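Welcome, and thank you for joining this tour. Please open the structure in your viewer and keep the selection tool at hand.

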Amino acid sequence: MSEYIDGVRVLRHSGTQSHTDVTLTFAVGSRDETLRTVGVAHVLEHLVMHAVRGLPIEMNAEVDLLTTTFVASGSAARVGEFLSGLCRALAEPPVDRLAVEVGVLAAEDGQVAHPVVAQLLNVRYGAKGAGLAWLEGPGYDGLTPEHVIAFARTWFVPSNAVLQVTGPLPDDLRLELPSGSAPTRVHPAGRSFDGPTVVGYGMPAAGVLLTLPPDDAVRLSTLTIDVLRKRVEEECRHVGGHSYDIGADLHPGPGGSSDWVVYAEAREGSEEAVARAFVEALTDLAENGPTEAELAYQIARCQERLDADEPELRRAFSNTMGRMFGEPELEPVDRERLAGLQPSDVAAVLKAALPTAIGYAYEDNLESWEPAGFRQGTLCPVISELPPGRTFKPPFTARAFVKEARSMLWVRTDTALVLRDDDGVHEIRWDEIAGVMRTGDGTTIVLGLNGCAIPVDADMFRGAGALLSELTDRVPQELWFDETKLDA
């Protein structure tokens, strides 16, 4: 029978230890922010942890793409104080110290996802959902107490949390979180491409985003990613000596599918070697599957976890979180089917995912992906041609002396703002503006939910003053913000 405390699901791990370990996890992360409130989950985490900082026990907290997690270890009484104090601070966030904590956050310079993961998710989702992990927004100094309080009351409610406990449960424990039901999460539509695509940037690394089906009774999608990550690690680190950080991350999507990102960093001078090794690993596994030894290793890892952990409790946690995320329930692992997996099973998963794959390469190594059928794409969407509308050009002097200005053109239509530059034609619909940033040099940048950014500068385009006035009238004030003044 399920156990709850003040509406929070409780999962008890077995063990006879005298001290208590707890993990309080909320199904909310950076993907649940907006461009205007990027960083608010991290701010809230810092504020509430400050409220319990005086307790003499081990404690920590973390925000990632999907979750916000608080952990503590100590005597049952002290852990009970931690949980009660934490929940009180979430119900009434101590926003009076927001200005101080902003400086701490800037010094921390933390990330919710590896940069390659963040960029590929931004290419897929733009300035919404998981794509926000790539963006800075207004910075921590652009957030207000109202942003923090509203975020806490929306997401940090009992039905959006699960508490895991090992050891004695604290006596008379109260978890007095903000009241209310967890909001319905809407999965944003992802950008799609006509075939496998690769994008480039200045990070020395290689990576790929693959959309895989829901995990089944042998966890085939997860196992497939583990096979790919291990092959990349073997070739880029242990054989080539080019990489140290090789990893994988996932973002659950609608219907149980997930966007998995596998990446490998490259030391200076080895960017091309890492890109070629990565592409070769991906395409060979999709064509031929893993070796018998590679597959046996991953199956053994799965079996070891099943033998060492409490699989039913772990599945209960996954399914509790999955319900909050809107995912289908996981089946128990079928050990017999797991042991009978074949290399062709893994190959089939990768081969099916390749047509919609998004690769990443260091900007000088995009051609390494072309033999595998990947076509070069743009970081944000471009349309095929300029729509009809009112046009704005750079001043004559700019076009005469600045090469880039010669191809630039604005078009204002009834439905959108359009910019043509060297990358192509960028369009942001008026009703799909994610935010408008006022920069320190006087330029106004319009940011679209699709990931495009269009500068509006009176010195850059003739007639821009009228367009700025229209922006002021069309875009709600709450979407405007100033460029952050913080230096990490």
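On this tour, two residues are in contact when heavy atoms of theirs lie within 4.5 Å. With that in mind, select Ser368, and then show Glu272, Ala275, Arg276 and Val279: Ser368 touches these residues, leaving aside residues up to four places away in sequence. Ser368 sits in the loop between strand E11 (358-362) and strand E12 (375-376). Is Ser368 buried or exposed? Its relative accessibility is 4%, so Ser368 counts as buried, the cut-off for buried being under 20%.

Before going further, colour the chain by confidence. You are looking at a predicted model. The protein chain has a mean pLDDT of 92, and 97% of its residues reach 70 or more. Now select residues 397-402, where the pLDDT is below 50; in the model this stretch has seven contacts beyond near neighbours in sequence. Where pLDDT is low, the predicted coordinates should not be read in detail.

Next, go to helix H3, residues 98-108, and highlight its buried residues: Leu98, Glu101, Val102, Leu105 and Ala106. Why do they fall on the same side of H3? They span an arc of only 145 degrees around the axis, and this places them together on one side.

Select Asp6, which is not a glycine yet has a phi near 50 degrees. Asp6 lies in the loop between strand E1 (3-5) and strand E2 (8-13), and with a relative accessible area of 33% Asp6 is partly exposed. Then jump to Arg219, another residue that is not a glycine, with a positive phi of about 55 degrees. You will find Arg219 in the loop between strand E8 (205-212) and H6. At 16% relative accessibility, Arg219 counts as buried.

At what angle do H6 and H11 pack? The angle is about 90 degrees, and their axes are 10 Å apart, which makes H6 roughly perpendicular to H11. To see the contact, show Leu220, Leu223, Thr224 and Val227 in H6, which meet Asp345, Val346, Val349 and Leu350 in H11. Sorted by type, the residues of this contact are six nonpolar, one polar and one charged.

For the last stops, select helix H13, residues 464-474. Its buried residues include Ala464, Leu467, Glu470 and Leu471. They lie on the same side of H13, because they cover an arc of only 115 degrees around the axis. Finish with Glu478, in the loop between H13 and strand E20 (480-482). With a relative accessible area of 55%, Glu478 is exposed. To try out the distance tool, pick the C-alpha atoms of Glu478 and Ala248: the two residues are 230 residues apart along the chain, and these atoms are separated by 36 Å.

Key:
Residues are numbered from 1 along each chain as its sequence is written. This is a predicted model: local features need pLDDT of at least 70, side-chain atom pairs count only at pLDDT 80 or more; totals for chains, interfaces and linings use all residues. Side-chain values use heavy atoms; hydrogens and water are left out. pLDDT is the predictor's confidence in each residue, from 0 to 100. Buried means under 20% relative accessible area, exposed over 50%, partly exposed in between (1.4 Å probe, protein chains only). Helices (H or I, at least four residues) and strands (E, at least two) are DSSP runs, numbered from the N terminus. The arc is that of the directions from the helix axis to the C-beta atoms. Axes are lines fitted to C-alpha atoms, for helices over the stretch in contact, and angles run from 0 to 180 degrees between N-to-C directions. Angles under 35 degrees count as roughly parallel, over 145 as roughly antiparallel, 65 to 115 as roughly perpendicular and the rest as oblique. Ala, Val, Leu, Ile, Met, Phe, Trp, Tyr, Cys and Pro count as nonpolar, Asp, Glu, Lys and Arg as charged, and the others, Gly among them, as polar.
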